[in-house]
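Hi,

Here is the structure I promised to pass on. Have a look at it first, and my notes follow below.

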Amino acid sequence: MEMDKNRLKEPGFGRILLGVVALGCSILIGFVVGLRAGDRSRKRQPQEPVSGVLAPISSAEPAAKDTSVVDTLAVEPVPEKTPSFSRQQVAQGVEYLASHNRWNRLEMEKIPVLAGLWDAVNTYQLDEIRRYNEVLASTPLTSIVEGLEHNPKSGFYAAKTDQVITLSTYIKRLR
């Protein structure tokens with residue numbers, strides 16, 4: 001009699017199989033509903049019209065068969081264009097660098113000639129700092145360039161959350 005009670009408490013193989021099938025059907029229905037919802041949301045997004053239409057291949061000029069010219073060409077690096085700034089913008093940048101011991105990233109980004117300089121100084125990018133110094137001819141930048149030439153650094157000076165570089169401390173670190 002005791003064995004019959006335990007057997008009644010245990011689920012049978014049929015019940016387990018029925019539960020697994022029900023779970024599988026639920027997952028399948030959820031997957032299908034998700035696919036349908038995704039299709040509807042993609043259809044609602046406006047499609048950008050194709051503005052430029054490519055010419056048919058037949059109207060394109062045939063490529064030259066002679067490739068000897070390619071072998072004789074020398075690949076030269078394209079020089080980077082230095083943006084031109086007004087005298088007033090350069091003067092504003094030089095004045096900021098000379099009069100502030102604490103360089104604030106947000107303030108520097110507002111001055112067009114200094115945009116990007118804070119990041120270059122923070123990551124010790126010597127070539128980039130030289131480009132800025134060519135435009136600005138600033139004493140603090142000259143000190144930084146000389147310091148990085150004698151003592152190259154890598155990584156970050158300031159933490160990612162910090163937006164200020166203290167110039168005097170920065171230059172001391174380079175020595």
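To start with a question: does Phe31 count as buried or exposed, and at what relative accessibility? Phe31 counts as exposed, because its relative accessibility is 52% (buried means under 20% relative accessible area, exposed over 50%, partly exposed in between, with a 1.4 Å probe and protein chains only).

Before the rest, a word on the basis. This is a predicted model, so local features need pLDDT of at least 70 and side-chain atom pairs count only at pLDDT 80 or more, while totals for chains, interfaces and linings use all residues. Residues are numbered from 1 along each chain as its sequence is written, and side-chain values use heavy atoms, with hydrogens and water left out.

Phe31 lies in helix H2 (residues 13-44); helices (H or I, at least four residues) and strands (E, at least two) are DSSP runs numbered from the N terminus. Together with Leu28, Val32 and Leu35, Phe31 forms a nonpolar patch on the surface, with about 390 Å² of accessible area in total. Such a patch joins nonpolar side chains (Val, Leu, Ile, Met, Phe, Trp, Tyr) within 5 Å, from residues with over 30% relative accessible area and no salt bridge (a side-chain nitrogen of Lys or Arg within 4 Å of a carboxyl oxygen of Asp or Glu). The areas are Shrake-Rupley values with a 1.4 Å probe.

Now the aromatic rings. The structure holds two aromatic pairs (ring centres within 6.5 Å; planes under 30 degrees apart are stacked, over 60 edge-to-face, the rest tilted). Tyr124 and Tyr170 are stacked, because their centres are 5.6 Å apart and their planes at 20°. This pair links distant parts of the chain, 46 residues apart: Tyr124 sits in the loop between helix H6 (117-122) and helix H7 (126-136), and Tyr170 in helix H9 (residues 167-174). Tyr157 and Tyr170 pair edge-to-face, at 4.9 Å centre to centre and 70° between the planes. Tyr170 is buried at 0% relative accessibility, and Tyr157 is buried at 14%.

Last, helix H7. Its buried residues are Leu126, Ile129, Tyr132, Asn133 and Leu136. Seen down the axis, they fall within an arc of 120°, so they line one face of H7 (the arc is taken over directions from the helix axis to the C-beta atoms). These residues pack against helix H4 (87-99), H6 and H8, where contact means heavy atoms within 4.5 Å. After H7 comes Ala137, with a positive phi near 45°.

Best wishes

Key: Rings of Phe, Tyr and Trp (its six-membered ring) pair if their centres lie within 6.5 Å; planes under 30 degrees apart count as stacked, over 60 as edge-to-face and the rest as tilted. Patches are made of residues with over 30% relative accessible area and no salt bridge: like charges are joined within 9 Å, nonpolar side chains (Val, Leu, Ile, Met, Phe, Trp, Tyr) within 5 Å.
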